[in-house]
Amino acid sequence: MIRTQRLAAGVCALLATLAAGLAFPAAAEAGEPTGGANAKVDLVLDVSGSMRTRDIDGGTRMAAAKQAFNEVLDATPEDVQLGIRTLGADYAGNDRQTGCKDTAQLYPVSTLDRTEAKTAVATLSPTGWTPIGPALLKAADDLAGGDGSKRIVLITDGEDTCAPLDPCEVAREIAAKGIGMTIDTLGLVPSTKLNKQLSCIAEATGGTYTSVEHTDELTDKVNQLVDRAADPVVTPVATEGATQCTDAPTLKSGLYTDREEFGQQRWYKVDVDPGKELRASVSVAADRAVNPSYGVLLRAVTVHGREIVRGESAGNGRTDVISTGLRYPKAESDADDAPAETVCLQVTNSFSPASGVKTTPGMPLELTVDVVDGPSKASDVASFGLGRGWWLLGVLVLVGFVAGLLWGWLSRWRVAVWRTN
């Protein structure tokens, strides 16, 4: 028992130190923040016939949306360009082909004229179909151009009625373009099918899904999303990894986005100067149904194929994103003109699609690359990533050992006293 307690104390100390030592410091130069004056938001509102339903605070869903929009327009920051797009607002007939084209720009994405925008919203009347997929495609065009953040906020009370143009697939196509566009979704009805579809749309682009059942909740959430668009953000740069290192693109410090198919390998190259340290991390998002038990592997290898260091992580189906990272310090050189070392980064995943799930486009991959000044002794960091934490590990192990001895001595003493009495 005493031996077990000593071992437990030592293991706890080791795990605590490893967790602290392997934590990645914040990237120093990983991308440049954008946003501010160039931020764009397109509010996409469902104006289909079901919005006449009276189940939100005693009024119709359309009335709640109008009230929320009026308050949002009053609170929109001056540096946000905002537009409003509708779906199902104009065609009241039964022709499906026509109804699935019913989306229009009610107010263009531009510097906001609050009076004009409110007047446009006041004219809306619930009418037709629910072409979410076509509306998202058009909204992406509304936000085209510019380097700032781009956000689509979709507000609807029902799932898309215009399949086979699956809005979830549309969202994946938008994300695959690598233009840093986020889609947030808000559902006005607590429906399982609607929740599933809106969650899929949001997750495909790194957005959020929220179910709202009251006017004030809708107002607060839309305001929050519009304000968020004005915050400085780091926009990933689209890149395309190769199937082998020799053909891989050379990346600088920054944030990159790519697509990786199931079981595929993607290769990238990074030049690391002597005295510098490469810090890299990767996240792969399961934006569709996948089988449980999967993993992601990030390897740093030389151009000759020798592995330098690796990071890996496994999942069991309880999370939609899996991430890992690595660090590689390049030792200083006595020569002033020592060349940089080309390091090949390999990203591999072991996801497998659930039955009937499409495998293309690939799953979204986000890669962070950072080349910073290395530690004074690069070999320290190369040893399990602990760096100068070895002394702390030694202290914690020693404390654990001493604590185990004391606990054992006290336990024996208590047993001896008990037997004596």
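This is a short chat about a predicted model of one protein chain.

Q: How many helices and strands does the chain have?
A: Ten helices and 19 strands.

Q: And how much of the chain is buried?
A: Buried residues are 47% of the 421 in the chain.

Q: What share of the contacts with a separation of 6 or more is between residues 24 or more positions apart?
A: Such pairs account for 77%.

Q: Switching to S15 and S16. Parallel or antiparallel?
A: Antiparallel, over eight bridges. S15 covers residues 294–301 and S16 covers residues 307–315.

Q: Which residue in S16 is the bridge partner of Leu-297?
A: Glu-312.

Q: What sits between the two strands in that hairpin?
A: Five residues. In this hairpin, Gly-305 takes a positive phi near 95°.

Q: Now Thr-60. Where is it?
A: Thr-60 is in strand S4, which spans residues 59–60.

Q: Buried or exposed?
A: Buried. Thr-60 has 17% relative accessibility, and the cut-off for buried is under 20%, so Thr-60 qualifies.

Q: What lies 3.0 Å from a polar atom of the Thr-60 side chain?
A: The backbone nitrogen of Ala-63.

Q: Leaving aside neighbours within four places in sequence, which residues is Thr-60 in contact with?
A: Met-51, Arg-52, Thr-53 and Arg-54.

Definitions and conventions:
Residues are numbered from 1 along each chain as its sequence is written. This is a predicted model: local features need pLDDT of at least 70, side-chain atom pairs count only at pLDDT 80 or more; totals for chains, interfaces and linings use all residues. Side-chain values use heavy atoms; hydrogens and water are left out. Two strands pair if DSSP finds at least two bridges between them. Helices (H or I, at least four residues) and strands (E, at least two) are DSSP runs, numbered from the N terminus. Buried means under 20% relative accessible area, exposed over 50%, partly exposed in between (1.4 Å probe, protein chains only). A polar contact is a pair of N or O atoms within 3.5 Å; within protein, one must be able to donate a hydrogen and the other to accept it, and residues adjacent in sequence count only if both atoms are side-chain atoms. Contact means heavy atoms within 4.5 Å.
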